[in-house]
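Subject: Structure handover

Hello,

Here is the structure for your review. My notes follow below it.

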Amino acid sequence: MAQMRRNIAQIQQELEPKRQEYAAKEVEMNKRSQERIERLKSLVERKNRLNDRVCQKRQEKNESTKTETANARLTELELQTYRHALQLEIVNTNDALRFEFKCISKQVPEKIYHIALTITDSNLYTVIECQPDSVLPKVLKELEVLNQDRELFIFIKKLRQIFRQSANA
């Protein structure tokens with residue numbers, strides 16, 4: 001029995017360094033596991049933030065698309081109103097937009113007054129045709145304003161006024 005106790009004591013002594021080695025490895029593995037858990041939490045948080053940003057961007061895009069659609073409808077409605085109220089026809093030719101006005105002159109309401117505009121590479125409007133020619137200086141003055149403020153509908157209204165003044169002169 002004494003022999004057995006010595007054997008057990010000797011085995012325990014031999015095992016003690018192994019236990020310490022395994023304990024150190026266990027501590028290291030627990031530390032690595034904890035680091036990996038923290039890294040995983042960090043990645044999950046980042047993924048959630050990115051998902052939130054994607055959802056926000058999608059929502060912004062949807063709102064932007066809705067706004068653009070509403071603006072396009074409004075623009076089309078404005079164009080129809082101008083066509084009817086101002087007796088304006090907008091013709092898209094190969095190289096220009098031609099604005100044709102009727103009912104300018106009370107004496108000859110069917111007479112068409114027109115202007116044709118193009119847009120240059122530098123995104124500026126230019127006149128390539130104007131009838132009657134006599135109003136061209138006034139039209140060019142308003143064209144400068146158009147190229148600054150980009151308000152095409154205001155420009156169209158002013159064109160009609162210029163044409164009407166010319167017809168009544």
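Helices and strands here are DSSP runs, numbered from the N terminus; a helix (H or I) has at least four residues and a strand (E) at least two. Please bear in mind that this is a predicted model.

Backbone first. Asparagine 123 sits in the loop between strand S3 (113-119) and S4. Its phi is near 65°, a positive value in a residue other than glycine. The next item is a proline. Proline 132 lies in the loop between strand S4 (125-131) and helix H2 (136-149). The peptide bond leading from glutamine 131 into proline 132 is cis, and omega is near 10°. Please keep both spots in view when you check the backbone geometry.

Now the layout. The protein splits into domain 1 (1-86) and domain 2 (87-168). Eight residues of domain 1 and ten residues of domain 2 make up the contact. The C-alpha centres of domain 1 and domain 2 are 60 Å apart.

What do domain 1 and domain 2 bury between them? The figure is about 820 Å², with 62% of it on carbon and sulfur atoms. On the side of domain 1 that touches domain 2, the residues are four nonpolar, two polar and two charged. How many salt bridges does the rule find across the interface of domain 1 and domain 2? The count is zero.

Salt bridges do occur in the model: the structure holds seven. Side chains of opposite charge can pair when their charged atoms come close. One of the salt bridges joins glutamate 16 and arginine 19, whose closest N and O atoms are 3.4 Å apart. Why are glutamate 16 and arginine 19 separated by about one helical turn? Because they are three residues apart in helix H1 (residues 2-85).

- Residues 1-50 carry the UniProt feature "coiled-coil region" (unreviewed entry). In the model, residues 1-50 are 98% helix and 0% strand, and the end C-alpha atoms of the span lie 69 Å apart.
- Residues 93-164 are listed by UniProt as "domain: Chromosome segregation protein Spc25 C-terminal" (unreviewed entry). Over residues 93-164 the chain is 38% helix and 26% strand, with 25 Å between the end C-alpha atoms.

Over to you.

Best regards

Terms used: Residues numbered from 1 in each chain as written. Predicted model: local features only at pLDDT ≥ 70, side-chain atom pairs only at ≥ 80, totals over all residues. Heavy atoms only, no water. Domains from an automatic or database assignment. Contact = heavy atoms within 4.5 Å. Buried area = accessible area lost by both parts, 1.4 Å probe. Salt bridge = Lys/Arg side-chain N within 4 Å of Asp/Glu carboxyl O. Nonpolar A, V, L, I, M, F, W, Y, C, P; charged D, E, K, R; others polar. UniProt positions renumbered as here; feature names shortened; annotations may be inferred.
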